[in-house]
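Dear colleague,

Please read them alongside the coordinates.

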Amino acid sequence: MKITKASRILPGFVWRFLRSLSEFGLMLGTLFLAASLTPSLIPRHFAIQGILSGLSFAAGYGVGEALRGLWHWLELPPFRQTRRVLLAKLAGAIVCLGVVAFFLWHASEWQNSIRILMELDPVETARPFSVAVIAFAVFLAIIFVARLFNLALRAISGWLNRHIPRRVSFLIAFVLTSWLFWSIGSGVLVNAVWRGLDSSYQQLDTLLEDGIEQPTDPLMTGSPASLLEWKELGRTGRAMVAASPTRDEIEAFTGAPAMTPLRVYVGVRSARTIQERAKLALAELIRVGGFERSVLVITTPTGTGWIDPANQQALEYLHRGNVATVSVQYSYLASWLTLLTDPEIGAETARVVFDAIYGYWRTLPPDNRPQLYLHGLSLGAYNSDLSMDMFRVINDPFHGIFWAGPPFQTPEWRRATAQRESDSPAWLPRLRNDSPVRFTSQQNHLGSPTDEQTADWNGLRIVILQYASDPVTFFDPAAAWRRPEWMQKPYGPDVSPMLEWYPVITFLQILVDMMTATTTPMGYGHVYAPEHYVDGWLAVTQPPGWNASEIDRLKAMLAIQLRKD
């Protein structure tokens, strides 16, 4: 009896829900869902595709509802449910379903157009049923929240309408409802998620990993002779110090006398304040003789404090170990969480550290101090850009900058891209020969000493390494309503030739790509390869004693070693 009753209630409930949905919104949402199946920059797992398709379906439905609401607000006559209108709706639904079927048929082909470029195995199917189930679940969740919002809006507006005019009450109710939902979302849900993530990342940062032991060499940070405690360096700091190649390893490869590179790292738990951490970094750098090396690099880490070993080893082998690197951690959270919770901490730390190191460096005799460079990857590049004022250092400039994968909001990157030659693409800008800035990618575009372009490259050298398939660099909020410049053909060599721009959809695609940018093979997306770091450091620091065959051998060795790790 209960089963029979439930079987009658459930279909009725489902039917009422389906009838409550906007027909125009559903058709537009279906087209948005279909467009979300097209390729973007990063290959998608079917679960990621399902989430993206659900978001796109909801976005299209929302646009349809907004247009329908605008129609009623303008007090235009409603469509009568005539036979002709019903036939038009039916024809529209059939067309939309046909479009979805067509796009689903080509979904695996589109994904393979990226996967093959990135040397991944092609997929045989895009798993359309799984994608549809996930997309519908995401759509239902968004509709549920939207219905709750609308219910609260109507309740508040109805109460206010007893005392004030209808449209005024609606406007006030909309503001109050938005504030209420934002408070619940940011104050309750976000805080709960934040506490969980903060605890997880904090525990991960304190984790003492197997195989990484405290160094005994007094010139290594964290050793018994160091000013810094080994345990307080954090997981990324300890990994950075331990990954340094030895003098013997460098000599064995180069066949020439070498030195053990110096790596100074200050963890976020090494001192209470940014100023104290910067002072520790300077004192430790002086203690180990960092200012007596030929090359000194201020490396700004990513949000977790991570330093890419591919970058460091490329530089250290090029200069046969005659290198000192200093870095100060500003967070143990992932970069996107750092930006959400404390967006200024990275830039402030980078500025204080630069002031301390550069301030001491400039007091040294110009003929008896190292060449000074700045480096940063991803969020590290962004904060490195904000660390110094060119007008302040112009009278006593440092020697160069090397950034990899700078985020789209990086000021110097945006200026350089905007000033590129008109016949160069946005994904690989080319500036005037007298510009200090050069861009490169998987293929070396920095030239050789005999090239005319390189011959005019004097003074401060700035190299920006970026891949055309990196959504962290090429995310553009304006992609929601206009085609980004980097999507003008010809595309980059690691971008699908089937890529197309769709309003709203492309924005959602690149947003999801940005969240999965480090899932690609090395050398694509936001995962930078050691051989490409070699090209950048070679151009910026100009190490002596290397020929083309030796450089190729170094690239091959680093590629094998670091990909294996």
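Helices here are DSSP runs of H or I with at least four residues, numbered from the N terminus. This is a predicted model, in which local features need pLDDT of at least 70 and side-chain atom pairs count only at pLDDT 80 or more, whereas totals for chains, interfaces and linings use all residues. Residues are numbered from 1 along each chain as its sequence is written, and side-chain values use heavy atoms, with hydrogens and water left out.

Counting as a salt bridge any side-chain nitrogen of Lys or Arg within 4 Å of a carboxyl oxygen of Asp or Glu, the model has 11 salt bridges. Three of these pairs are described below.

In helix 3 (residues 46-73), Glu-65 and Arg-68 sit 3 residues apart, about one turn of the helix, and their side chains form a salt bridge with an N to O distance of 3.0 Å. For accessibility, buried means under 20% relative accessible area, exposed over 50%, and partly exposed in between (1.4 Å probe, protein chains only). Glu-65 is partly exposed at 27%, and Arg-68 is also partly exposed, at 40%.

Glu-284 and Arg-287, which lie 3 residues apart in helix 9 (residues 274-288) and are thus separated by about one helical turn, form a salt bridge with the closest N and O atoms 3.1 Å apart. Glu-284 is buried at 0% relative accessibility, while Arg-287 is partly exposed at 28%.

Finally, Glu-276 pairs with Arg-272 in a salt bridge whose closest N and O atoms are 3.9 Å apart; Glu-276 is partly exposed at 33%, and Arg-272 is exposed at 69%.

Best regards

Note on methods: Helices (H or I, at least four residues) and strands (E, at least two) are DSSP runs, numbered from the N terminus.
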